[in-house]
Amino acid sequence: MSLTAVPPVACFGEPRLTAGFDEFGRLDLTAHEMVHGAVNPLSPKGLLRLVEGIELKGKGGAGFPFARKFRAVLESADRQDLPTVVVVNATEGEPGAWKDKALLTRAPHLILDGAAIAAYALDADEIVIGVADDGIGEASLTAALAERRMPVRTGIVTVPHRFISGEGGALVRGINGEAHIPPGRKVRASDTGVGGLPTLLSNAETYAQLALAARLGPYEYGTVGTADEPGTVLLTVTGAAGRPAVVECPTGIPLKDVLELCEAPEGPGVLTGGYHGQWISAEGAATAEVSRAGFAKVGGSLGAGIIMPLSAEVCPLGEAAQVVTYLAGESAGQCGPCRLGLPDLARSLDLIVGGSAAAEVVRAAAGAVKGRGACSHPDGTARFATSALEIFTEDLEAHAARGTCGKKVKGVLGLPNAADAPTSKLLVDWSRCDGHGLCAHVAPEFIRLDANGFPSFPSTPVPTWLEAGTRKAVRMCPALALRLTSANG
């Protein structure tokens with residue numbers, strides 16, 4: 001199988017998760033046992049002592065303590081007198097994320113070990129592993145399952161390779177045969193998950209870390225990293241980096257060392273945590289340490305372990321506007337903050353890039369969606385957008401004064417290929433438009449009316465999920481002033 005789709009893997013210090021990569025490339029079961037050795041099952045109490053001893057937190061973005069998840073499933077199963085399910089979230093739907101794919105393609109048995117340990121401790125009925133339908137990792141995982149016996153029935157479920165498909169509730173719905181979108185209401189997987197059963201759900205790296213800790217024990221595991229966040233982490237370093245890579249490093253290491261390893265240029269800022277993360281300044285990147293606490297100290301976020309530096313030659317606000325437009329299109333479209341709020345946020349940031357709006361417009365649009373969504377997608381998108389305004393103040397002033405900062409938008413933040421991107425743009429023939437306003441009523445998610453009653457919308461492509469409504473607005477325009485054209489002209 002080809003590993004060419006996954007960036008190269010690098011390591012600071014002694015490799016753990018990436019041990020054996022240099023020698024074997026991909027570790028089959030024989031190589032895996034040669035490198036890592038055998039692992040013994042754990043009782044519920046033994047597993048809890050272990051994960052509390054190493055303070056294991058989820059590596060998928062939210063950083064929720066694994067012990068609390070495990071205990072919640074145990075208690076729910078006992079209370080309801082039901083069996084349990086273990087779910088591995090290896091979907092990694094964010095375009096800039098590759099660390100879980102590196103594990104899937106090269107160390108699948110570490111993931112399976114962790115899932116097996118959790119399933120044994122829970123006396124689970126089933127293990128389900130969710131992967132994206134992008135073709136990366138599924139073959140490796142299937143081959144690994146064929147090489148070994150798992151303690152319970154273990155299956156693979158593929159989900160659409162979309163940003164929101166990896167949200168916990170969306171993954172559970174997908175496994176249950178429903179639409180691969182968040183449920184729209186707060187549902188705890190520990191109470192009602194796969195098949196309505198108490199479900200332990202965590203991401204691929206988390207289970208791999210559990211497998212390592214079960215072999216090493218809390219003391220040996222904690223010999224690297226910080227006291228509060230022991231061990232190593234996997235980072236995906238892309239953006240403007242000259243040598244993009246998945247990097248394993250101990251927590252506490254200076255971020256600048258990681259950026260130097262990946263030949264990142266000096267630029268105005270670094271995106272930490274991915275599209276739902278936060279920007280940090282060049283000064284912050286120079287002093288930050290790789291850990292949740294270390295990034296938080298400079299206003300950043302470890303999130304899903306995504307690090308995206310910018311170069312001095314790109315327009316940071318323009319790059320951010322592209323991402324917000326993408327995130328608006330990735331919405332499930334099932335609540336107001338997503339259907340109306342995110343396109344409005346994308347429109348506002350696009351106007352700032354064009355020099356025709358003030359920062360307060362973006363902040364107001366972000367404030368309108370915070371805390372009101374059916375899932376965390378609106379909050380994460382708003383955080384990303386407002387963080388860009390706080391870090392790139394000089395560029396913000398340049399756009400406000402001159403309509404441009406003089407730098408180009410090059411699409412360095414890992415957005416999908418053009419073939420996967422929205423393909424249509426909305427145009428208006430101003431010689432025909434009479435300001436009827438009907439279009440804004442037909443497609444309010446994309447079209448608004450300005451102060452003079454004329455249509456206003458972003459110059460960026462129409463998000464795929466809004467295309468049907470926009471086409472209807474074109475057909476219903478009384479003056480025949482609207483038309484859709486190819487996004488590439």
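## Cores and overall build of the chain

The largest nonpolar core has 55 residues, and L47, V86 and L210 make the most contacts inside it. The model is a predicted one.

In soluble globular proteins, nonpolar side chains tend to be buried together.

Leaving aside residues up to four places away in sequence, V86 touches A115, A118, A119, L122, A124, E126, I127, V128, L200 and Y207. A second core is separate and holds 46 residues, including L271, W279, I352 and V353.

Now the whole chain. Its secondary structure comes to 19 helices and 14 strands. For 489 residues, a compact globule would have a radius of gyration near 23 Å; the chain has 23 Å, so the two agree. Along the principal axes, the C-alpha atoms fill a box of roughly 75 × 50 × 40 Å. Buried residues make up 53% of the 489.

Of the contacts with a separation of 6 or more, 72% join residues 24 or more positions apart.

The surface comes next. The chain exposes about 20100 Å², and carbon and sulfur atoms supply 50% of that area. Charged side chains number 43 positive and 52 negative. The centres of the two sets lie 5 Å apart.

P416 sits in the loop between α17 (393-402) and β11 (424-428). Is P416 buried, exposed or partly exposed? P416 counts as partly exposed because its relative accessible area is 32%, and that class runs between the 20% limit for buried and the 50% limit for exposed. P416 touches P95 and Y326, with residues up to four places away in sequence left out. L310 is 106 residues from P416 along the chain, and their C-alpha atoms are separated by 18 Å.

Conventions:
Residues numbered from 1 in each chain as written. Predicted model: local features only at pLDDT ≥ 70, side-chain atom pairs only at ≥ 80, totals over all residues. Heavy atoms only, no water. Helix = DSSP H or I, 4+ residues; strand = E, 2+ residues; numbered from the N terminus. Rg over C-alpha atoms; globule rule 2.2 N^0.38 Å. Buried < 20%, exposed > 50% of the residue type's maximum accessible area, 1.4 Å probe, protein only. Contact = heavy atoms within 4.5 Å. Areas by Shrake-Rupley, 256 points an atom, 1.4 Å probe, with all protein chains shown as cover. Lys, Arg positive; Asp, Glu negative; His and termini not counted. Charge placed at Lys NZ, Arg CZ, Asp CG, Glu CD. Core = buried A, V, L, I, M, F, W, Y, C linked by side-chain atoms within 4.5 Å.
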